Amino acid sequence: MSAARSVTLGTLLAVLLVVPAARQARADQLDVQIRQVRTGDTYKLRLAAALALSRSRDPRALAALADTVERGSDASVRRLAALALGKQIDPTTPAATQARARAALAKAARSDRDRKVRTSAAQALAAVESV
């Protein structure tokens, strides 16, 4: 019984050590993606970062996507960010993050210089408004 118990305690200890490290790795990766979507040297890097952020419901990722909708230099990256916000905002999203996303989408729907971004932002805003 002590062998089974030591395996269980060993497994538990391993999990306790690995899970926080995995969370830290994801947090570090998220920080890198946020930095890349904002200041990446190339269009492809910014697009890849926006795509990676589009898979996250983390409020920091959503805030970075909202910033990208408003200030991104590439229309296709702004459009991807708008579409991502429309899909990722849900009832569990903090109210402040929802408000930030709505404001960015409303502004883009009204005044983005690219017609496709305006259309995508309007569609995403309608999805977010229904939350």
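Modeller: Happy to! Let's begin with a pair of helices: helix 3 and helix 5 cross in a left-handed way. Keep in mind that this is a predicted model.

Colleague: Which residues of helix 3 and helix 5 make the contact?

Modeller: Each helix brings its own set. Helix 3 contributes Pro59, Leu62, Ala66, Asp67, Val69, Glu70 and Arg71. From helix 5 come Thr97, Arg100, Ala101, Ala103, Ala104, Lys107 and Ala108.

Colleague: Are helix 3 and helix 5 roughly parallel or roughly antiparallel to each other?

Modeller: Two packed helices are described by the angle between their axes and the distance between the axes. Here the axes of helix 3 (residues 59–71) and helix 5 come within 9 Å and cross at roughly 15 degrees. Angles under 35 degrees count as roughly parallel. Helix 3 and helix 5 are therefore roughly parallel.

Colleague: Stepping back, how many helices and strands does the protein chain have?

Modeller: Read from the N terminus, the elements run α-α-α-α-α-α. That gives zero strands, and the number of helices is six.

Colleague: Which residues of helix 2 are buried, and why are they on the same side?

Modeller: Helix 2 spans residues 43–53, and its buried residues are Arg46, Ala49, Ala50, Ala52 and Leu53. They lie on the same side of helix 2 because the arc they cover around the axis is only 160 degrees.

Colleague: Now for the loops: is Thr93 buried or exposed?

Modeller: Thr93 sits in the loop between helix 4 (75–88) and helix 5. Beyond its neighbours within four places in sequence, Thr93 is in contact with Leu62, Gln88 and Gln98. Buried means under 20% relative accessible area. Thr93 has 6% relative accessibility, so Thr93 counts as buried.

Colleague: And is Arg113 buried or exposed?

Modeller: Arg113 is found in the loop between helix 5 (95–111) and helix 6 (115–129). A residue counts as exposed over 50%. Arg113 has a relative accessibility of 64%, so Arg113 is exposed.

Colleague: Last one: what percentage of the protein chain's residues count as buried?

Modeller: The accessible surface of the chain is about 7,800 Å², and 59% of that belongs to carbon and sulfur atoms. Among the 131 residues, the share that counts as buried is 35%.

Key. Residues numbered from 1 in each chain as written. Predicted model: local features only at pLDDT ≥ 70, side-chain atom pairs only at ≥ 80, totals over all residues. Heavy atoms only, no water. Buried < 20%, exposed > 50% of the residue type's maximum accessible area, 1.4 Å probe, protein only. Helix = DSSP H or I, 4+ residues; strand = E, 2+ residues; numbered from the N terminus. Arc of directions from axis to C-beta. Areas by Shrake-Rupley, 256 points an atom, 1.4 Å probe, with all protein chains shown as cover. Contact = heavy atoms within 4.5 Å. Axes fitted to C-alpha atoms, helices over the stretch in contact; angles between N-to-C directions. Parallel < 35°, antiparallel > 145°, perpendicular 65-115°, else oblique. Left-handed = near helix turned anticlockwise from the far one by under 90°.
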